[in-house]
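User: I am new to this structure and would like a guided reading of it. Please take my questions one at a time.

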Amino acid sequence: MPVLSTNTHRPPSWLPNGHYQSIYPALFRTVKPAYQRERLTTPDDDFLDLDWSYAKTNEAKNSANASPSLVILSHGLEGDSTRQYVTGMVKLLNANGYDCLAWNYRSCSGEMNRQLRFYHSGETTDLEFVIQHALAKGYTELNLMGFSLGGNVTLKYVGEHGKNIHPAIKKAVAFSVPMDLLACSRNIEKPENKLYLWRFLKSLKPKVAAKALQYPDHFDLNKWKQVKTFWDFDHVYTGPLHGFEGADDYYEKSSSKNYIQHAAIPTLIVNAVNDPLVPYQSLPADVIADLPNVWLELTEAGGHCGFRPDRFSQKGAYWSEMRALSFLNKA
């Protein structure tokens with residue numbers, strides 16, 4: 001489908017650039033859905049914590065009497081189901097008849113996971129397990145949605161399954177997606193992005209320490225001295241820990257740009273040109289332009305998982321949330 005450049009998102013004048021537009025919602029927006037947590041045991045004896053939130057018309061429903069329409073939401077790097085970009089979306093979707101399942105990756109729900117491995121940008125087997133769990137509850141219509149890293153996981157999943165994707169999965173939506181992981185990893189090393197790099201590594205280091213205590217023979221905390229960038233972290237830990245030869249092998253095999261051409265369901269990708277973490281030039285616009293089921297929408301503003309509007313068309317709803325709802329509702 002054509003790559004769209006749109007100016008329909010207009011940020012407030014007091015959020016003048018992509019950094020402000022990314023950081024403000026993360027610091028100052030609070031939305032709290034009425035989550036019901038479920039712990040799901042994985043086939044390898046680990047666990048995933050799932051947070052369910054039901055549409056108002058479905059609040060009394062349970063697993064034996066599920067709503068026919070569910071959105072499964074995948075969060076970003078070192079995020080969780082409580083991040084504002086997830087909770088804001090959940091609130092709007094619930095208000096418009098959709099049940100929501102916001103799942104937390106291994107190690108991201110407030111408790112360290114049991115197995116040696118964590119999660120990563122190309123890990124789709126856990127998403128598949130969550131999808132199968134939702135189908136077993138009786139849902140007959142599923143939509144997938146991802147943010148940042150979760151967007152890459154979502155798009156990779158859609159591409160991997162291609163025409164064999166489960167018929168209950170109707171649409172996919174992804175925001176602020178790092179479809180080229182190498183380009184994004186190198187981009188965050190720029191001086192103007194060092195704050196993001198520092199915050200992510202600060203969050204990851206305690207997890208590395210905790211995992212080293214769990215698996216002292218397999219997880220070397222001394223290697224942290226080698227970690228100065230994302231590429232370093234992925235080369236030292238993420239890659240070897242998850243069966244890759246190193247960072248470059250991990251990026252090549254996990255970047256959704258290498259899978260999106262096989263998407264067989266309607267898929268919307270929304271990125272901002274001024275996203276400080278994802279260079280819009282790294283998006284495979286030339287490939288997507290020839291795909292019948294994929295739309296790439298580029299907004300001039302919005303930052304990274306930001307998209308706060310200047311004026312709210314629905315109380316408290318961000319532009320990205322209204323855009324997703326419109327896409328899901330479209331016949």
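Analyst: Arg-106 is placed in the loop between β5 (99-104) and α3 (125-136); helices (H or I, at least four residues) and strands (E, at least two) are DSSP runs, numbered from the N terminus. The model is predicted, local features need pLDDT of at least 70, side-chain atom pairs count only at pLDDT 80 or more, and totals for chains, interfaces and linings use all residues. Residues are numbered from 1 along each chain as its sequence is written, and side-chain values use heavy atoms, with hydrogens and water left out.

User: Is Arg-106 buried or exposed?

Analyst: Buried means under 20% relative accessible area, exposed over 50%, and partly exposed in between (1.4 Å probe, protein chains only). Arg-106 has 2% relative accessibility, and therefore it counts as buried.

User: Which side chain does the side chain of Arg-106 join in a polar contact of 3.1 Å?

Analyst: A polar contact is a pair of N or O atoms within 3.5 Å; within protein, one must be able to donate a hydrogen and the other to accept it, and residues adjacent in sequence count only if both atoms are side-chain atoms. At 3.1 Å, the partner of the Arg-106 side chain is that of Asp-46.

User: How far apart do the C-alpha centres of domain 1 and domain 2 lie?

Analyst: The chain is divided into domain 1 (3-58 + 68-180 + 257-329) and domain 2 (181-254), with bounds from an automatic or database domain assignment. The distance between their C-alpha centres is 23 Å.

User: What area is buried between domain 1 and domain 2?

Analyst: Buried area is the accessible area (1.4 Å probe) that two parts lose on being put together, summed over both. Carbon and sulfur atoms give 60% of the area buried between domain 1 and domain 2, which is about 2,600 Å².

User: With which residue does Glu-78 form a salt bridge?

Analyst: A salt bridge is a side-chain nitrogen of Lys or Arg within 4 Å of a carboxyl oxygen of Asp or Glu. The rule finds one across the interface of domain 1 and domain 2. For Glu-78, the closest N and O atoms are 3.0 Å apart, and the partner is Lys-207.
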